[in-house]
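Take a walk through this structure, one stop at a time. Keep the sequence and the 3D view side by side.

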Amino acid sequence: MSKITTELLLERAVPRSTRLRKIETLNLSKLQLKTGDLDPRLFSRLRHLQKLDLSDNLLDKFPNSLTLPDLRVLNCNNNKLEDVTALKQFPLLEELTYENNVYLTLNDDYKVMFLLQNLRLLNGKDITKLAKHVRHVNSRKLTSKVTAHWEKFFRDQLPEKYTAEQVKSIKKKFLKSVQTNVVYGPSSLSEFTRWRVKMIAEEFLACSLGLELNSDPEPEEKMDENEEEESTESPREDAEDKGQVGEFSSLINTTARKRKRNRSKTRSRKKRSKPQEDVSAEPLHFLQCHSKGNSHEDFKTQLWSCVFEPLLDSGARKDPIVNSSRTVATCGGESVCLIDCETGTVLKKYKVAAEEFFSVAWTTLTMVVSDSRKKSHNILAAAGRRGIVKLIHVAADFCYGEIKAHKKPIATVCFSPTRETHLFTASYDKRIALWDIGIPDSDYNFKASQLLVLEVLSIPLRIALVPTCPDQYLLAGCEGGCFVWNVKLDKEQKTRPFEATFQFPDEDGSLTTLHRVDGLAFLNDDVIVSKSSKPGCIYLWSWSRSFDTKGKGCQRTIAAVILAELEWSTTDMSYLTLSTCPAKDYVFCGDEKGSVWMYNLSSYTTAWSSAKGKRSPFQEKRIPPAQILQWPELRANGEQLTEVLVNNVVSDPAFTYLVVLTSVNITAIWKKS
């Protein structure tokens with residue numbers, strides 16, 4: 001019979017209690033308790049327990065399901081503990097002591113520092129800085145070594161078409177080899193290193209490569225391959241409920257053999273009014289990175305935004321095309337992923353419970369590292385439904401801070417190209433805010449401040465800074481039209497109305513300002529591409545000919561000078577946004593059938609820039625796409641995946657890769673061939 005009863009728990013509570021659920025502090029020391037005495041069913045009733053003293057007992061381990069969701073302080077001194085990994089069930093633990101447990105070593109100290117993200121004190125010592133190093137620097141180094149070991153010794157051993165037995169065999173060999181050969185840190189921590197290496201290697205196989213022991217014999221043939229003040233809707237009003245995102249991702253690769261067999265199905269359709277560059281693209285990877293509960297069955301999580309990481313070697317702000325990387329950040333559901341477009345590897349994944357991310361943006365900050373040297377690092381900002389901006393130091397694999405920017409969801413964010421700490425956030429609260437996010441010090445302390453608030457008449461959906469004067473003008477496509485604001489900071493006014501709103505042709509040809517603009521981007525310094533709620537309508541128009549920067553007065557109404565209109569789908573589906581590749585004069589936009597429309601406008605931009613006056617010879621023409629990449633025939637559980645909406649499509653600056661985000665939890669990566 002267990003030594004622990006309800007009566008004992010009530011008696012040993014501090015102070016004594018009449019109900020288990022009211023106990024916050026509990027002293028169970030010096031009771032000769034063994035592991036079997038800790039009854040999970042009884043302990044699960046201690047829902048508000050914060051401090052637990054189990055010192056001077058005979059415990060050799062912890063049961064895995066004590067269910068103490070609010071435990072903050074735990075004393076296990078003078079027991080017989082042999083393992084600490086079960087302590088991960090107490091994620092809010094801040095103070096832990098287990099001195100005089102003769103079987104525990106320095107390796108166990110490092111394990112709990114990694115497992116318990118909120119731990120501050122271990123055996124009476126402040127371990128905050130060391131724990132950060134263990135969780136981030138150490139993990140980053142080991143992950144790099146594990147990945148390199150796979151690439152060098154095992155990648156070529158995996159055949160193009162593999163069976164479950166082959167997967168099992170290569171996994172066993174890889175795990176044994178990587179634990180033996182990957183070495184890092186002092187020999188006194190070798191046990192911890194092997195433990196972490198095994199963990200990282202298993203995550204690498206399951207997450208990045210989809211190699212699990214229960215893999216399908218032919219995986220390439222299948223698709224197996226409460227804080228908010230009010231409820232809010234996702235960007236697409238009729239979208240289904242979004243699921244939570246799992247901790248790992250699954251990978252659906254189209255192998256080279258399969259691509260060759262299906263080439264006739266995935267080859268792009270070409271439409272031309274005149275000879276243009278023949279650009280062929282083929283599907284490279286199809287990834288499920290944002291699945292609810294890491295489920296292969298999740299085809300509902302919507303993916304919304306992606307942006308390529310700038311390279312650090314040579315000023316990405318000056319010449320983005322030569323600094324184009326193949327790493328892209330994607331967001332959707334509760335997670336943000338970093339993906340290597342060439343290999344299809346999910347390099348990193350960040351998850352925030354109860355969040356739904358709508359937008360991500362990069363900046364490069366010059367930070368002071370621990371030895372007072374200055375070094376440039378890429379910082380990723382991610383925001384969404386909760387109105388909070390998460391700031392992620394990618395190299396350190398660390399979300400170092402957050403900005404509570406709005407009380408309603410943030411639709412989109414973007415950094416200034418000239419001021420690295422300036423971040424614009426556009427929210428459902430009908431405000432666009434400019435923030436200075438500051439620069440974190442070596443301990444990741446930072447100070448953010450709000451510099452400006454732009455008042456919007458309707459929900460802003462897309463924002464873009466004017467390339468020729470990014471410190472002065474910002475454009476926004478909104479639910480109720482397209483607007484421009486003066487964002488120059490030398491003005492005293494911190495809250496500003498819009499400077500002007502733009503008129504566009506309505507379906508009957510008359511001019512109107514009242515239309516949803518759900519796509520907005522600059523093709524070059526002057527040409528703007530915007531997509532309106534008019535079915536099949538994408539306009540190209542001139543910034544310089546439309547807006548007179550010397551004009552006086554606020555809230556002017558201005559007719560946009562249309563240069564051309566792009567032929568697109570006839571759907572009236574909203575929030576299928578567009579993007580541009582300025583270096584190559586390309587515009588991309590997905591549709592409601594999973595297709596990507598690509599427009600090569602190089603022959604037009606030269607004529608537009610040289611045209612005089614307000615009118616253009618191309619004004620009345622609808623420009624057809626150079627190509628349409630059609631969605632391939634993918635199957636999930638034996639059935640073809642249909643009703644695929646392309647929410648967003650983005651190319652890297654050099655137009656090598658094309659990343660397609662869908663409504664069915666699939667990130668498709670195409671490569672220009």
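**Charges, bridges and a sheet**

Arg47 is partly exposed, with 44% relative accessible area. This is a predicted model. Arg47 lies in the loop between α2 (40-43) and β2 (51-53). Together with Arg19, Arg21 and Lys22, Arg47 forms a positive surface patch.

Now look for charges that pair. Side chains of opposite charge can pair when their charged atoms come close. The whole structure holds 16 salt bridges. One of them joins Asp39 and Arg41, at 3.6 Å from N to O. Asp39 is partly exposed at 22% relative accessible area. Arg41 counts as exposed, at 68%.

Move on to Arg72. Its side chain meets Asp70 in a salt bridge of 2.7 Å, N to O. Is Asp70 buried or exposed? Asp70 is buried, because its relative accessible area is 17% and the cut-off for buried is under 20%. Arg72 is partly exposed, at 26%.

Arg72 also forms a salt bridge with Glu94, at 3.8 Å from N to O. This pair links distant parts of the chain, 22 residues apart. Arg72 sits in the loop between β2 and β3 (73-75), and Glu94 in the loop between β3 and β4 (95-97). Glu94 is partly exposed, at 24%. A network of salt bridges links Asp70, Arg72, Glu94, Glu95 and Arg120.

Last stop: a sheet. Five strands form an open sheet with mixed pairing, in the order β18-β19-β20-β21-β25. β18 (410-415) and β25 (495-496) stand at the edges with a single partner strand each, so one side of each has no neighbour in the sheet. Further in, β20 (431-436) and β21 (449-455) pair antiparallel over six bridges. Ile432 has Leu454 in β21 as its bridge partner.

Conventions: Residues are numbered from 1 along each chain as its sequence is written. This is a predicted model: local features need pLDDT of at least 70, side-chain atom pairs count only at pLDDT 80 or more; totals for chains, interfaces and linings use all residues. Side-chain values use heavy atoms; hydrogens and water are left out. Patches are made of residues with over 30% relative accessible area and no salt bridge: like charges are joined within 9 Å, nonpolar side chains (Val, Leu, Ile, Met, Phe, Trp, Tyr) within 5 Å. Accessible areas come from the Shrake-Rupley method with a 1.4 Å probe; for residues, only the protein chains shown count as cover. A salt bridge is a side-chain nitrogen of Lys or Arg within 4 Å of a carboxyl oxygen of Asp or Glu. Lys and Arg count as positive and Asp and Glu as negative; His and the chain ends are not counted. The place of a charge is taken as NZ of Lys, CZ of Arg, CG of Asp or CD of Glu. Helices (H or I, at least four residues) and strands (E, at least two) are DSSP runs, numbered from the N terminus. Buried means under 20% relative accessible area, exposed over 50%, partly exposed in between (1.4 Å probe, protein chains only). Two strands pair if DSSP finds at least two bridges between them.
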